[in-house]
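Reader: Can you walk me through a structure? I have some questions about how its parts pack.
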Number of protein chains: 2
Amino acid sequence: MTRVLVTGATGFLGRPAVHALRDRGLVVEEAGSRRADLLAPGAPAALIRETRPTHLLHLAWYARPGLFWDAAENAAWVHATLALVEAFAAAGGRRAVLAGTCAEYAWGAEGALREDGPTSEPGSFYGVCKDATRRVAEGLCLRRGVSFAWGRVFFLYGPREHPDRLIASVVRKLLRGERIATTDGTQVRDFLHVGDVGDAFAALLASDVEGAVNVASGCGVRVRDVLCEVGAATGRADLIDIGGLPQRPGDPPVIVADAARLREEVGWLPRFDLSAGIADAVEWWRREGGQ
Amino acid sequence: MTRVLVTGATGFLGRPAVHALRDRGLVVEEAGSRRADLLAPGAPAALIRETRPTHLLHLAWYARPGLFWDAAENAAWVHATLALVEAFAAAGGRRAVLAGTCAEYAWGAEGALREDGPTSEPGSFYGVCKDATRRVAEGLCLRRGVSFAWGRVFFLYGPREHPDRLIASVVRKLLRGERIATTDGTQVRDFLHVGDVGDAFAALLASDVEGAVNVASGCGVRVRDVLCEVGAATGRADLIDIGGLPQRPGDPPVIVADAARLREEVGWLPRFDLSAGIADAVEWWRREGGQ
């Protein structure tokens with residue numbers, strides 16, 4: 001029997017991932033409320049003992065908007081994650097899939113980011129810690145006979161997004177009828193609806209693809225075009241002042257994934273295009289409030 | 001008051017390091033017999049609580065000769081080390097010095113290895129795990145206001161060396177009157193007597209130099225020349241058949257440190273040259289037996 005332990009199961013990405021796993025008929029053990037507990041000494045091993053998973057989907061990490069890029073807390077998640085993977089391997093776990101990030105890559109390179117591209121000099125401590133975790137966890141799983149994959153997440157949006165993050169904050173302001181100023185939004189990013197990201201992780205877990213896999217659309221879109229979609233979906237495009245804020249210095253012009261591994265090896269395709277995805281997110285905020 | 005917690009204090013490098021710290025008048029808390037304990041959940045934090053150090057010298061790691069290069073145990077030492085550094089920082093620790101390794105560098109590069117050289121693709125899991133530990137621990141200390149240095153150890157020899165390691169095994173065999181065959185020994189390595197390495201770590205800890213520092217002689221010597229010194233010091237050069245074993249495939253021709261940071265910034269110089277160092281090691285084996 002396949003029995004999946006999902007950490008961060010009540011989080012932004014965790015909820016749709018759990019939903020997608022259950023849709024595939026898998027038994028899921030959620031460790032959502034235990035996020036903080038994972039950082040306590042002995043907690044990762046205890047969680048494995050209690051849940052006895054055959055598969056591990058580890059999504060939990062420090063994620064406070066704005067702060068997570070540089071926070072010392074990232075280091076605590078490195079060792080909690082390694083302790084978790086080690087306990088999972090020691091208990092006979094078969095396959096582990098962990099959430100990585102596009103922040104592992106050296107940004108500013110030309111073209112789409114491929115999984116075999118350099119990750120030696122991430123620009124943030126978050127990227128450093130995720131990359132270090134991947135290197136050690138991958139080597140550990142190889143030596144313990146555990147199948148290992150690492151899904152590198154790009155830019156997510158959708159229901160339950162933290163209200164301080166870009167798209168959620170714009171949606172909420174427009175639904176409240178507030179004016180907002182943004183940068184000129186010429187940065188190109190790879191956006192994916194969180195429901196699709198969760199589903200892609202479920203597909204990756206169910207596959208036997210190993211190593212790093214970009215979990216992304218493979219399509220670059222300008223941030224201003226995303227804002228326009230939000231304007232259209234809310235009916236309040238008139239409230240957006242694109243270019244009213246200065247560009248942030250050092251913001252890389254393009255961060256887009258090469259999604260060939262996900263598409264061809266995992267055999268996964270997104271359900272939402274940008275327009276449908278944004279409409280879904282707006283609909284959720286309209287319905288669930290948070291205004 | 002300076003109060004130094006030394007992990008691995010009863011080990012090959014730990015003993016001379018503790019000796020050198022005490023010579024400098026520092027108060028030392030030894031965590032030697034607790035090496036295994038450091039891997040138990042909660043043990044790093046408990047050790048910090050018990051010893052309340054202002055300074056940390058972390059030398060403990062998995063080190064079984066031959067096996068340590070590829071062992072899964074390296075991963076456990078990554079998270080134990082990060083948990084230790086985190087507990088140290090949380091308890092107000094001021095300066096942490098940790099043992100790294102020349103195996104972090106990409107071997108095979110031309111010339112002496114400088115601290116700012118690339119470490120993104122170590123050739124062993126040991127190197128991967130040490131490098132990952134350095135990146136995360138350094139970032140953590142920076143964010144927690146802890147002064148941090150990372151001493152990259154090259155090739156050690158001397159009293160109490162594990163009898164399965166090269167120089168100790170040759171010394172013991174010659175003292176027993178056994179013939180030995182070696183490779184042709186044209187590989188060039190950077191050797192340092194363990195007493196000097198321990199003293200260099202004490203000097204590094206007492207300094208305020210930060211970041212990676214090669215703990216090495218800065219001098220390359222052919223392995224065959226080291227063997228000749230052992231032959232001379234034991235009086236049994238006749239028993240050594242240099243070239244009697246084939247070269248190991250993939251053994252890099254040169255691994256030598258640039259030791260300028262240690263010499264100029266830390267202000268440290270070795271006491272032993274190769275000849276005196278080998279004579280000291282041979283004398284120890286002769287006296288302490290192990291034959």
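Author: What follows covers the interface between the chains and some helix packing.

Author: This is a predicted model, in which local features need pLDDT of at least 70 and side-chain atom pairs count only at pLDDT 80 or more, while totals for chains, interfaces and linings use all residues. Residues are numbered from 1 along each chain as its sequence is written, chains are lettered from A and ligands numbered from 1 in the order in which they are written, and side-chain values use heavy atoms, with hydrogens and water left out.

Reader: How many residues of chain A are in contact with chain B?

Author: 24 residues of chain A, against 24 residues of chain B; contact means heavy atoms within 4.5 Å.

Reader: And what area do chain A and chain B bury between them?

Author: About 2100 Å², with 67% on carbon and sulfur atoms. Buried area is the accessible area (1.4 Å probe) that two parts lose on being put together, summed over both. On the chain A side, A:His79, A:Arg135 and A:Arg143 supply 27% of the area buried against chain B, more than any other three residues.

Reader: How many salt bridges across the interface?

Author: Two by the rule, which asks for a side-chain nitrogen of Lys or Arg within 4 Å of a carboxyl oxygen of Asp or Glu. A:Arg143 and B:Asp70 form a salt bridge at 2.5 Å, N to O.

Reader: Which helix gives the largest share of the chain A side?

Author: α4(A), with 10 residues. Helices here are DSSP runs (H or I, at least four residues), numbered from the N terminus.

Reader: At what angle do α3(A) and α3(B) pack?

Author: About 145°, with the axes 9 Å apart. Axes are lines fitted to C-alpha atoms, for helices over the stretch in contact, and angles run from 0 to 180 degrees between N-to-C directions.

Reader: Which residues of α3(A) meet α3(B)?

Author: Among them are A:Ala75, A:His79, A:Leu82 and A:Glu86. On the α3(B) side, the residues include B:Ala76, B:Val78 and B:Ala83.

Technical notes
Helices (H or I, at least four residues) and strands (E, at least two) are DSSP runs, numbered from the N terminus.
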